[in-house]
Amino acid sequence: MGRIPILRDFIGIIKDKASQSKAALLSDPKTLSLHLALLRATTHDPFTPPDPRHLATLLASGHTSRATVSTAIEVLMDRLQTTRDASVAIKCLITVHHIIKRGSFILQDRLSVYPSNGGRNYLKLSNFRDKTTLLTWELSYWVRWYALYLENLLQTSRVLGFFLSSASSSVDNNEEEEEKVSSLTNSQLLKEINSLGNLIEQISRMPNSLHTNGNILVDEVLGMVGEDYLASTNEVSIRVSEFKERLSCLSVFESVELGFALKRLEDCKERLSALGQMRNVLVETVWGSISEMKDQVGNDELYGEGGRLMTMESSKNKVSESSRYGERVLKLGDSVDFFSGWFSKLQY
């Protein structure tokens, strides 16, 4: 049997029609189709995802002028910031995710710089709550988590230099990515693996709400995040393999920092397994290599006397103590970066 319509559904339909009528009267004729496409993609119905046709219209704006692209992003962000409806908010965030994954370079670029270019920090939705029904209350958890996740995705993309899991990414295959990664310094490589760790950690914190199980909007989010998860674990795998090549060349502090990064990733695996999501044979292989690499880093570098886990501050002290014996002088500003064996071969 189909779902029984309730008063809230009719109110949502009326609001959608009113918004579209208002847009038809007030919008610039040149961007009217853009406004209507956004409104039709982000309706108040909590049981229907954004229509692919309307998403396609929004994405097509990325192949027009910069002025049109700016309008598209501004209209989307204004819709997201002004709504108090969980269904509208989560559909706006799904649209943002589609831009990250499938948008043109101009559209992605405008999205990534918008907050620092006079706009609001639009994905900060930590206080969002829709108390209308039990479903919208639980969807609000997803809105808050999803907004923070997308912020992490944008930040990680900035660190990596390309949009993760994006069709427009310049990284086409593992060989090309491995070549790029092998030219990074140790500090750059650590920064990237920490950023990927932040992203995977945020995935592991996804809500597990009873009343949203099977909800088509949540399923849409899980599908898109699942693709990102596969892409991010692949990027982690490439960087872990690179660190294996450099292991003997890492300083004490770099070894400790790498150990902490790998331990944090392992903790994420446990939480993801508990959620019963994001399981994949290839991903499990990556997790195995992470665990193996963590063991190779060396317990002496990561653990102090009595087997207690060292803090980052205590690891810095360990570096200072080693310098007293004249073995080497290691300072945060003076650490020497080493390249992989692959890069070294180019020098001969």
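Okay, let's start with a term: helices (H or I, at least four residues) and strands (E, at least two) are DSSP runs, numbered from the N terminus. The expected span of a helix is 1.5 Å times one less than its number of residues. With that in hand, look at α10, residues 216–246: it has 31 residues and reaches 45 Å from first C-alpha to last, close to the 45 Å expected at 1.5 Å a residue.

Before going further, some housekeeping. What you're looking at is a predicted model, so local features need pLDDT of at least 70 and side-chain atom pairs count only at pLDDT 80 or more, while totals for chains, interfaces and linings use all residues. Residues are numbered from 1 along each chain as its sequence is written, and side-chain values use heavy atoms, with hydrogens and water left out.

How confident is the predictor? pLDDT is its confidence in each residue, from 0 to 100. The chain averages 78, and 70% of the residues score at least 70. Over residues 117–121 the pLDDT is below 50, and that stretch has nine contacts in the model beyond near neighbours in sequence; contact here means heavy atoms within 4.5 Å. Residues 303–309 also sit below 50, with six such contacts.

Now the overall picture. The chain has 15 helices and zero strands. Of its 348 residues, 48% are buried, where buried means under 20% relative accessible area, exposed over 50%, and partly exposed in between (1.4 Å probe, protein chains only). Take the contacts between residues at least 6 apart in sequence: 78% of them join residues at least 24 apart.

Asn215 caps the N-terminal end, with a side-chain oxygen 2.9 Å from the backbone nitrogen of Leu217.

Next, α6, residues 105–113. Ile106, Leu107, Gln108, Arg110, Leu111 and Ser112 are buried there. So which helices do the covering? The cover for those buried residues of α6 includes α3 (52–60), α4, α5 (86–102) and α7 (134–160).

One of those covering helices, α5, holds His97. Is His97 buried or exposed? It's buried, because its relative accessible area is 0%. Leaving out residues up to four places away in sequence, His97 touches Tyr146, Tyr149, Leu150, Leu153, Met224, Val225 and Asp228. His97 and Leu153 are 56 residues apart in sequence, yet their C-alphas are 9.3 Å apart in space.

Over in α4, residues 66–82, we find Thr68. Thr68 counts as partly exposed because its relative accessible area is 22%. With residues up to four places away set aside, Thr68 touches Leu34 and Ser61. From its C-alpha to that of Leu107, 39 residues along the chain, is 9.7 Å.

Another threonine, Thr42, is in the loop between α2 (32–41) and α3. At 0% relative accessibility, Thr42 is buried. A polar atom of the Thr42 side chain lies 2.7 Å from the backbone oxygen of Leu38. Again skipping residues up to four places away, Thr42 touches Arg79, Val88, Lys91, Cys92 and Thr95.

Terms used. Polar contact = N/O pair within 3.5 Å; in protein donor to acceptor, adjacent residues only side chain to side chain. pLDDT = per-residue confidence, 0-100.
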